[in-house]
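Hi,

Here is the structure I promised to pass on. Have a look at it first, and then read on for what turned up in it.

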Amino acid sequence: MVALGGGHGLYASLSALRRVTSELSAVVTVADDGGSSGRLRRELGVLPPGDLRMALAALCGDDDWGRTWSEVVQHRFRSEGDLHGHAVGNLLIVALWELLDDPVAGLDWVGRLLGAHGRVLPMASVPLDIVAEVELEGRISTVRGQVACASTPGRVRAISLVPPDPPASPQAIKAVREADWVIFGPGSWFTSVLPHLMVPKLAQALHETRARRLVALNLAPQQGETDGFSPQQHLEVLRQHAPALHLDVVLADTGVVDDHEELEKAAVAMGARLVTAEVARSDGSPRHDARRLASVLDEIFHEKR
């Protein structure tokens, strides 16, 4: 299994997928320019480690070792000094990168320390910037940077990357080409899901792989990115950015599907069948329940749904 994304959305899918497979790789966006990651990126010229750290934390087990190390790497310092806001895991990852001079090897070492149930790989070998085309009150403008794209007023119409032809991680390409399933989403659509299709060699692998492809839709629009988007609009945007991409399954939570017929039509347009199921937490929050999602994914993978 290969899961694509970043941030909280990828955390949700990995928390589920590690329960159903022992062969799991996460391919993670490297465009974050805010918070601790942005500071380390600007100061040291490294890949932003935050989304990579979150993916590693999601792959920790449910035993004492896994829970403890997940909390440690996610812990943020609170102070009046320069350490304020930095996550322990970010500093650990960057320290290993400096010692080993190899981003993937550094992530593998952290994964072994945490007892991670899978592997975490960067999407590209260099830090990226996301550039968004935004419409506001009938006017089109561009904004640059993941934080700016996620918080800009107006409606994001399209994205591109800087540099426009970044080197893809060879290990990520290999994982995608050898996968049985590739999972897109859930997550911030324009800043976590679509960027994978903007890296040319990774996009080529995603189009050519023999793996089946599943899209897990979000439980709610992403504030500042997809305000007002219906589930089918998420698929339409995906199709606009990757018109040749074939999907096999679209998974949506039953509670967020207002127009089943239109969503099914959008899924079929990309070659997919629609599966609806209860995968959200029972507390009413727009977050996926890892065990529910794992159960549904396991049934899909074994053709029971």
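A quick word on terms before the tour: helices (H or I, at least four residues) and strands (E, at least two) are DSSP runs, numbered from the N terminus. On that basis the protein has 13 helices and ten strands.

Please keep in mind that this is a predicted model, where local features need pLDDT of at least 70, side-chain atom pairs count only at pLDDT 80 or more, and totals for chains, interfaces and linings use all residues. Residues are numbered from 1 along each chain as its sequence is written, and side-chain values use heavy atoms, with hydrogens and water left out.

**Overall build**

The C-alpha trace spans about 55 × 50 × 40 Å along its principal axes. For 305 residues, a compact globule would have a radius of gyration near 19 Å, and the 18 Å of this protein agrees with that. (That radius is taken over C-alpha atoms, and the globule rule is 2.2 Å times the number of residues to the power 0.38.)

Of the 305 residues, 55% count as buried; buried means under 20% relative accessible area, exposed over 50%, and partly exposed in between, with a 1.4 Å probe and protein chains only. As for contacts (heavy atoms within 4.5 Å), take those between residues at least 6 apart in sequence: 68% of them join residues at least 24 apart.

**An enclosed helix and what sits around it**

V30 lies in the loop between β2 (25-28) and α2 (35-44). With a relative accessible area of 0%, V30 is buried. Leaving aside neighbours within four places in sequence, its contacts include L52, R41, L47, P122 and M123. V30 is also 9.3 Å from P195, C-alpha to C-alpha, although the two are 165 residues apart in sequence.

S70 is in helix α4 (residues 64-74) and counts as buried at 12% relative accessibility. Its side chain reaches the backbone oxygen of A57 at 3.5 Å. Not counting residues up to four places away in sequence, S70 touches Y11, A57 and C60.

**A partly exposed arginine**

R281 belongs to the loop between β10 (273-277) and α13 (290-301). Its relative accessible area is 36%, so R281 is partly exposed. Beyond its neighbours within four places in sequence, R281 is in contact with R287, H288, D289 and R292. The C-alpha atoms of R281 and R291, ten residues apart along the chain, are separated by 9.5 Å.

Where are the cis peptide bonds? One joins V162 and P163, with omega about 0°, and P163 lies in the loop between β6 (155-162) and α8 (170-178). Another runs from G185 to P186, with omega near 0°; P186 is in the loop between β7 (181-184) and α9 (189-193).

Two residues other than glycine have a positive phi: D101, near 55°, and E137, about 55°. D101 is in the loop between α5 (88-100) and α6 (103-114) and counts as exposed at 70% relative accessibility. E137 is in the loop between β4 (129-136) and β5 (139-144), and at 77% it counts as exposed.

Over to you!

Key:
A polar contact is a pair of N or O atoms within 3.5 Å; within protein, one must be able to donate a hydrogen and the other to accept it, and residues adjacent in sequence count only if both atoms are side-chain atoms.
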